[in-house]
Amino acid sequence: MFRPKHHWQPAEHQRHAVAGTLPGGQRNRDGESVEALCQRTVSTAGRTELDWLWPTCPDCLQAAERLNGVPS
Ligand SMILES: [Zn+2]
């Protein structure tokens, strides 16, 4: 089974990828500062399901593909 080396985190109106995994169902605390794979430090959101509809950060997507060994 594929185990991603990152998880997605809504923050500042984009879905950013953050290195590492969170245990099932667990989320980062609201407003916590996390360093995303795009090298930006972002303040987390995700209080509502609507936050998950924000567009994916393109830099994070690229970094997540590299991190997981997806050929480009
Ligand atoms: Zn990002």
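**A zinc site, a hairpin and a helix**

At 13% relative accessibility, His-7 counts as buried (buried is under 20% relative accessible area, exposed over 50% and partly exposed in between, with a 1.4 Å probe and protein chains only). The model is predicted, so to speak of local features requires pLDDT of at least 70, side-chain atom pairs count only at pLDDT 80 or more, and totals for chains, interfaces and linings use all residues. Residues are numbered from 1 along each chain as its sequence is written, and side-chain values use heavy atoms, with hydrogens and water left out.

- His-7 belongs to strand E1 (helices, H or I with at least four residues, and strands, E with at least two, are DSSP runs numbered from the N terminus).
- Five of the six residues of E1 are buried, so the strand is largely enclosed by the rest of the structure.
- E1 pairs with E2 in the antiparallel sense over six bridges (two strands pair if DSSP finds at least two bridges between them).
- Within this pairing, Val-18 of E2 is the residue opposite His-7.
- A side-chain polar atom of His-7 lies 2.9 Å from the backbone oxygen of Gly-20 (a polar contact is a pair of N or O atoms within 3.5 Å; within protein, one must be able to donate a hydrogen and the other to accept it, and residues adjacent in sequence count only if both atoms are side-chain atoms).
- Leaving aside neighbours within four places in sequence, the contacts of His-7 include His-16, Thr-21, Leu-22 and Asn-28 (contact means heavy atoms within 4.5 Å).

**Turns and loops**

- E1 and E2 form a hairpin with two residues between them.
- Glu-12, in the loop between E1 and E2, has a phi near 50°, a positive value in a residue other than glycine.
- Glu-12 is partly exposed, at 46% relative accessibility.
- Gln-39, in the loop between E3 and E4, also has a positive phi, near 75°.
- At 63% relative accessibility, Gln-39 counts as exposed.
- Most residues other than glycine have a negative phi.
- Pro-55 lies in the loop between E4 and H1 and is exposed, with a relative accessible area of 51%.
- Not counting residues up to four places away in sequence, Pro-55 touches His-13, Gln-14 and Arg-15.

**The zinc site**

- His-16 (ND1), Cys-38 (SG), Cys-57 (SG) and Cys-60 (SG) coordinate the zinc ion at 2.0 to 2.4 Å (donors are N, O and S atoms within 2.8 Å of the metal, or 3.2 Å for Na, K and Ca; water is not among the atoms, so sites may look incomplete).
- The four donor atoms subtend angles of 103 to 116°, which makes the arrangement tetrahedral (four donors count as tetrahedral if all angles lie between 85 and 135 degrees).
- Cys-38 lies in the loop between strand E3 (33–35) and strand E4 (41–43) and Cys-57 in the loop between E4 and H1, so the pair ties together parts that are 19 residues apart in sequence.
- Cys-38 is buried at 12% relative accessibility, and Cys-57 is buried at 0%.

**Helix H1**

- In H1 (residues 58–67), the buried residues are Cys-60, Ala-63 and Ala-64.
- These residues cover an arc of only 100° around the axis, which puts them on the same side of H1 (the arc is that of the directions from the helix axis to the C-beta atoms).
- The buried residues of H1 pack against E1 (6–11) and E2 (14–19).
- Pro-58 and Arg-66 are exposed on the face of H1 turned away from its buried side.
- H1 is followed by Gly-69, which has a positive phi near 70°.

Technical notes. Four donors count as tetrahedral if all angles lie between 85 and 135 degrees; four count as square planar and six as octahedral if opposite donors are over 155 degrees apart and all others between 65 and 115; anything else is irregular.
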